[in-house]
Amino acid sequence: MNIKDALKFCFLVLLIISCRNKEAQQEPSANTVKVEYYSEAYRPQFHFTPEKKWMNDPNGLIYNDGIFHLFYQYYPEDIVWGPMHWGHATSEDLIHWTHKPIALYPDEHGYIFSGSAVLDKQNTSGLGTKDNPPLVAIFTYHDSDAEKVGRKDYQTQGIAYSLDNGASWTKYEGNPVIGNDGIKDFRDPKVFWHDETKQWKMLLVAGDHLQIWNSSNLKEWEKASEFGKQQGAHGGVWECPDMFELQIEGTDETKWVLLISINPGAPNGGSGTQYFIGDFDGNTFSSDQKSNRWIDWGTDNYAGVTYNNTPQDDRIFIGWMSNWTYADDTPTEKWRSAMTLPRNLGLQKIGDNLELISYPIENFEKVVTKGSKKEVAIEPAHKEVIPYKGLQQSDLRFTTSSRDFQLVFKNQIEEKLIMSLDPKRSEFLIDRSRSGKIDFQEDFKNIIKMPVDNLPNGEIEFRIITDRSSVEIFINKGQYVMTAQIFPNTDYDELVIANTSDVLMKLYDFGIGEVEGVW
Ligand code: FRU
């Protein structure tokens, strides 16, 4: 090659490199962008989070045509709550999600607060056709200007429809479909089709109680009944209702379950979700339940609701993994908060009680690599220390008949997340007071308590799932559940199991599963 050719060659190489660099700058591949945000501090690796900015309640949970939709309360401008939009993501398995453009923007009627979505199969609304039935979203309009000037009627209900399986949405021109007669907190419509009465049912919360409304076309609504002024927990406003029928496992009998989130007034402070087991006659819900019951005793499972239109009629629940007490203050920078793992709900008779069970969906197993299972025996008043690098993103399981032990997730700087089962008080406790960053809010260090007074005797499963900044605990396959956020300064990498009893403790099928990231 002569000098001229060599120069030409060099020039060509430089040109190609510079073009490549330019391409790389202009169009980062989807993968690079994703991997980048998944490496942000505290970013969960297998729980749903928004790409950036603020998220709260799950909304419009619906399955249609092979796709699970997840809409959510979203503020695209900041990492604190603000004018609400509906963000949107889709999934085929409820584990791997694809982010979609914002589905609903605020308009002249107000911000878009929480709500639900239905498939209007018969086109009762006339918003689609019989051949292309519409998805209809039903949500609350929140008029912040009206609120600011002291009016009480600032929340009304609106609808929007999609004819392309959720890709684009049109607001109904006759909005709002339900006005407001002066009820201050009047929101969070959950709509479902009720086959026996051939009607749409809407659950709405009105301050301290539930209202049930009927419609034949999703546009005109009539109030049918009320529930709850004198029942259940009332430490705060009622929010985000849901109601569905479940078969009691092992029987032909069914019961209706009503979910009501309240804030504040949860047993461990701030936000929480109570449930009622009862009957629904097509117009009225009734329950003779005496005690207050909670779907999750942890501090961080709020505003959760279930999917409409699932393939096998499964009852799949997703909650917002935060608490209004400190939601605005948690130590993340680019995005705020995650959803719980999707959980299957069921009803079981345990002892004399009917209990609502919630347990991670079967699909979650796809991303868990099962570690080898073994038997572990710990002498009375002894502990077993297990170093394990992946403890911050793991699925720990074992069965035991012991009811007297402590589990500690620890890191190299002596931060500890302590969980203990105390048989004397029949309580399961989470102590996150030394778990990492805790001082962004005063109450975050409080011990979280769950009464476990109806645990059956014998071997039961304990399952603890961690994902960077969260821990989800399922005892006896979801009879008792706790969800909590944690913010350790470095990863936990040592598990300590302490036998606090005076008899030998045996753990069967003990294994720590590794969980894959879902990007
Ligand atoms: C529950 C809630 C709902 C409301 C939404 C507003 O967390 O307060 O009642 O619709 O959040 O973002």
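Modeller: A polar contact is a pair of N or O atoms within 3.5 Å. Please keep in mind that this is a predicted model.

Biologist: Which atom of Glu239 lies 2.9 Å from an oxygen atom of the ligand?

Modeller: It is a polar atom of the Glu239 side chain. The side chain of Asp57 also takes part, with an N or O atom 2.7 Å from a ligand oxygen. Ser114 contributes through its backbone instead, where an N or O atom is 3.1 Å from an oxygen of the ligand.

Biologist: How much of the ligand does the protein bury?

Modeller: The ligand taken alone exposes 320 Å², and the protein buries 96% of that area. The space that the ligand takes is the second largest pocket.

Biologist: Which elements give two or more residues to the shell around the ligand?

Modeller: They are the strands β1 (53-64), β5 (111-119) and β9 (186-194). The residues around the ligand include Asn56, Trp81, Phe113, Arg187 and Tyr302. Sorted by class, the shell has five nonpolar, three polar and four charged residues.

Biologist: How should I read the backbone angles?

Modeller: Most residues other than glycine have a negative phi, and most peptide bonds are trans. Lys53, in strand β1, is not a glycine and yet has a positive phi of about 70°. Leu218 likewise has a positive phi of about 70° without being a glycine, and is found in the loop between β11 (209-215) and β12 (222-227).

Biologist: Is Leu218 buried or exposed?

Modeller: A residue counts as buried under 20% relative accessible area. Leu218 is buried, because its relative accessible area is 0%. Lys53 is partly exposed, with a value of 26%.

Biologist: Which peptide bonds are cis?

Modeller: One of them runs from Asn175 to Pro176, with omega near -5°; Pro176 is in the loop between β8 (170-171) and β9. Another joins Asn263 and Pro264, with omega about -5°, and Pro264 is in the loop between β14 and β15 (272-280).

Biologist: What does the side chain of Thr251 reach?

Modeller: It reaches the backbone nitrogen of Glu253 at 3.0 Å. Thr251 lies in the loop between β13 (237-247) and β14 (254-263), and counts as partly exposed because its relative accessibility is 31%.

Biologist: Where is Arg293 found?

Modeller: Arg293 is in the loop between β16 (285-286) and β17 (302-306). A polar atom of the Arg293 side chain lies 2.8 Å from the backbone oxygen of Leu354.

Conventions:
Residues numbered from 1 in each chain as written. Predicted model: local features only at pLDDT ≥ 70, side-chain atom pairs only at ≥ 80, totals over all residues. Heavy atoms only, no water. Near = heavy atom within 4 Å. Polar contact = N/O pair within 3.5 Å; in protein donor to acceptor, adjacent residues only side chain to side chain. Areas by Shrake-Rupley, 256 points an atom, 1.4 Å probe, with all protein chains shown as cover. 1 Å grid on protein atoms, 1.4 Å probe; cavity = no way out; pocket = protein on both sides within 12 Å on 5 of 7 lines; lining within 4 Å. Sits in = over half its atoms within 2 Å of the grid points. Helix = DSSP H or I, 4+ residues; strand = E, 2+ residues; numbered from the N terminus. Nonpolar A, V, L, I, M, F, W, Y, C, P; charged D, E, K, R; others polar. Buried < 20%, exposed > 50% of the residue type's maximum accessible area, 1.4 Å probe, protein only.
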